Amino acid sequence: MKRTMQRPLPSGRISPSHALMWATSIGAAGTALLAWKANGLAAGLAASNLILYAFVYTPLKQIHPVNTWVGAVVGAIPPLLGWAAASSELSWNAMILPAALYYWQIPHFMALAYLCRKDYLAGGYRMLSFADPTGKRTAWVSLRNCLYMLPLGYFAYNWGITSEWFSLEASLLTLGLTIGALSFTLEPTPKSARRMFYGSLLYLPAFMAGLLLHRLPNEQKEHNVTQMSEITGVLYGAEQHNERATKKREERKPSHVQSRPPVAYASVAPFPFLPVPVYVSPQAHEF
């Protein structure tokens, strides 16, 4: 492939055995370092990602177009690994950046696969653009994944990771990328694909910078959680007080409740226009 022919392994500057030895030693050392200095969760994610990349994603390139989606998973795991290394756990908050990376990689690579379609064909790689000479299907996949990214900024704000400003900025950024994907969908040409590709290159660093800039400090998160707990406690206490007061009022009411005789119900049900018969209880005759 023209795109990769100058890299060390394709150009012959290093041998396949050298590349295998280097990749194995570095992968093992990195995983061991994470297990030693971070935690087992981070090391497990790193080892899983190495296996997924080397033994699943890479062979799939010459087998099926699903390799793009597997590769997107590989690209989304590193920020998840970083979260695990820092907190020793995974939560819904940890999914914002991995989700952005996963969905971003699809339009980014679809544009590249369309632009380099002939080059991928020559290299024997089976991409989605392989059986899509018009580019319409490739463009629709790009647009769909851009739409998936639209609520990520809101989720980051709603889950207490960032301020509300990031929700607005992330939505505007994603909207700009979506417009590029829509242009590619309406007119699948190298020009529109290249425009979307360059837009994706700008999108990711801007999204990450906004996430860092508007990130809420841990102290602010704890304050928000404490404040919400206090408000919930006050509301719960007021509700309990009202329930107790209602219960006391009901206990003070007279317990004798006189039931109406069957004749009264009979008079009301079939003939609602007739007056209800007055029922005098035996207790009333005693007075």
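These questions and answers walk through a predicted model of one chain.

Visitor: Is Leu 177 buried or exposed?
Guide: Leu 177 lies in helix 9, residues 164-186. The cut-off for buried is under 20% relative accessible area. Leu 177 has 5% relative accessibility, so it counts as buried.

Visitor: How far apart in space are Leu 177 and Trp 104, C-alpha to C-alpha?
Guide: In sequence, 73 residues separate Leu 177 and Trp 104. In space, their C-alpha to C-alpha distance is 9.5 Å.

Visitor: Are helix 2 and helix 3 roughly parallel or roughly antiparallel?
Guide: Two packed helices are described by the angle between their axes and the distance between the axes. Helix 2 spans residues 16-37 and helix 3 spans residues 40-60. Their axes come within 7 Å and cross at roughly 160 degrees. Angles over 145 degrees count as roughly antiparallel, so helix 2 is, relative to helix 3, roughly antiparallel.

Visitor: Is the crossing of helix 2 and helix 3 left-handed or right-handed?
Guide: The axes of this pair cross at roughly 160 degrees. The crossing of helix 2 and helix 3 is right-handed.

Visitor: Are helix 5 and helix 7 roughly parallel or roughly antiparallel?
Guide: Helix 5 covers residues 96-115, and helix 7 covers residues 136-148. They pack at about 155 degrees, with axes 8 Å apart. That angle makes helix 5, relative to helix 7, roughly antiparallel.

Visitor: Which hand does the crossing of helix 5 and helix 7 have?
Guide: The packing angle of this pair is about 155 degrees. Helix 5 passes helix 7 in a crossing that is left-handed.

Visitor: Which helix gives the largest share of the nonpolar patch?
Guide: The surface patch covers about 780 Å². Its residues include Leu 41, Leu 90, Trp 92 and Met 95, along with Tyr 154 and Phe 155. The largest share is three residues, and they come from helix 8, residues 152-158.

Visitor: How accessible is Tyr 154?
Guide: Tyr 154 sits in helix 8 and belongs to the nonpolar patch. Partly exposed lies between the buried limit, under 20%, and the exposed limit, over 50%. Tyr 154 therefore counts as partly exposed, at a relative accessibility of 42%.

Key: Residues are numbered from 1 along each chain as its sequence is written. This is a predicted model: local features need pLDDT of at least 70, side-chain atom pairs count only at pLDDT 80 or more; totals for chains, interfaces and linings use all residues. Side-chain values use heavy atoms; hydrogens and water are left out. Patches are made of residues with over 30% relative accessible area and no salt bridge: like charges are joined within 9 Å, nonpolar side chains (Val, Leu, Ile, Met, Phe, Trp, Tyr) within 5 Å. Accessible areas come from the Shrake-Rupley method with a 1.4 Å probe; for residues, only the protein chains shown count as cover. A salt bridge is a side-chain nitrogen of Lys or Arg within 4 Å of a carboxyl oxygen of Asp or Glu. Helices (H or I, at least four residues) and strands (E, at least two) are DSSP runs, numbered from the N terminus. Buried means under 20% relative accessible area, exposed over 50%, partly exposed in between (1.4 Å probe, protein chains only). Axes are lines fitted to C-alpha atoms, for helices over the stretch in contact, and angles run from 0 to 180 degrees between N-to-C directions. Angles under 35 degrees count as roughly parallel, over 145 as roughly antiparallel, 65 to 115 as roughly perpendicular and the rest as oblique. A crossing is left-handed if the near helix is turned anticlockwise from the far one by less than a right angle, and right-handed if clockwise.
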